[in-house]
Amino acid sequence: MLPKTPAKPATAKGKAAKTSAIVKATAVVKSSSKTAARAAEKPAAEKPASTAPRSALTLPAKPAPAVTAPIPAPTAVPPAPATAAPKPISSPPRADVPPETGFTLLVDGHFKNQFETLSGAKQAATDLKSRFPMLRIAIYDAANKARLPV
């Protein structure tokens with residue numbers, strides 16, 4: 001067996017090639033001796049004595065197709081009158097634009113819920129303030145364009 005020496009960078013190509021070839025050869029010898037030792041340790045009793053032929057695999061039978069009723073032909077739909085104008089699609093209200101009607105909760109400077117009456121807005125504001133006391137809550141009156149404290 002060859003003595004183990006630390007790998008040093010070789011200055012010539014010939015020395016590096018010889019060193020790597022020696023290292024590879026010792027690794028092959030070590031691995032082949034291990035596999036031979038493992039094969040010798042296994043007893044012959046583990047091998048199956050005889051193999052019986054297996055039966056062929058079969059798929060289960062397909063179910064019968066379900067009977068469905070025929071689909072009736074679609075009936076002609078009368079065209080819509082040409083005078084009907086399409087409704088404009090309304091976008092959701094923005095939080096930075098004041099509403100035009102009613103009372104709205106202002107939470108930290110953003111418009112949130114909108115109410116028809118001042119009492120409903122006050123009730124919601126006090127409930128919210130009791131649950132989250134750190135919030136800045138006010139009520140915006142759209143008719144007077146004023147902010148009311150809570």
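Leaving aside neighbours within four places in sequence, which residues is Thr104 in contact with? In this predicted model, Thr104 is in contact with Pro99, Phe111, Lys112, Asn113, Gln114, Ala138, Ile139 and Tyr140, where contact means heavy atoms within 4.5 Å. The model is predicted, and local features therefore need pLDDT of at least 70, while side-chain atom pairs count only at pLDDT 80 or more and totals for chains, interfaces and linings use all residues. Residues are numbered from 1 along each chain as its sequence is written, and side-chain values use heavy atoms, with hydrogens and water left out.

The secondary structure of the protein comprises two helices and four strands, which follow the pattern α-β-β-α-β-β when read along the sequence; helices (H or I, at least four residues) and strands (E, at least two) are DSSP runs, numbered from the N terminus. Of the 150 residues in the protein, 12% are buried, a term that stands for under 20% relative accessible area, with exposed set at over 50% and partly exposed in between (1.4 Å probe, protein chains only). The accessible surface comes to about 13,900 Å², and carbon and sulfur atoms account for 63% of it, as computed by the Shrake-Rupley method with a 1.4 Å probe, only the protein chains shown counting as cover for residues. Among contacts with a separation of 6 or more, 40% are between residues 24 or more positions apart.

The largest nonpolar core consists of nine residues, namely Phe103, Leu105, Val107, Ala121, Ala124, Ala125, Leu135, Ile137 and Ile139; such a core is a set of buried Ala, Val, Leu, Ile, Met, Phe, Trp, Tyr and Cys residues joined through side-chain atoms within 4.5 Å. Strand E1 (103-107), helix H2 (118-131) and strand E3 (137-141) are the elements that give two or more residues to this core. A second, separate core has five residues, including Phe111, Ala138, Tyr140 and Ala142. In soluble globular proteins, nonpolar side chains tend to be buried together.

Ala138, found in strand E3, counts as buried because its relative accessibility is 16%. Not counting residues up to four places away in sequence, Ala138 touches Thr104, Leu105, Leu106, Leu148 and Val150, and its C-alpha atom is separated by 9.0 Å from that of Lys122, 16 residues away along the chain. Thr104 itself lies in strand E1 and counts as buried because its relative accessibility is 2%.

Thr104 is also one of the residues that line the second largest pocket, together with others including Arg94, Glu100, Phe111, Lys112 and Gln114. On a 1 Å grid over the protein atoms alone, a pocket is an open set of points where a 1.4 Å probe fits, with protein on both sides within 12 Å along at least five of seven lines, and lining residues have an atom within 4 Å of a point. The lining divides into six nonpolar, three polar and three charged residues, and strand E2 (residues 110-115) gives the most to it, with three residues.

Two loop residues other than glycine have positive phi values. Asp108, in the loop between E1 and E2, has phi near 55 degrees and counts as partly exposed because its relative accessibility is 36%. Lys145, in the loop between E3 and strand E4 (146-149), likewise has phi near 55 degrees, but counts as exposed because its relative accessibility is 66%.

Technical notes. Nonpolar A, V, L, I, M, F, W, Y, C, P; charged D, E, K, R; others polar.
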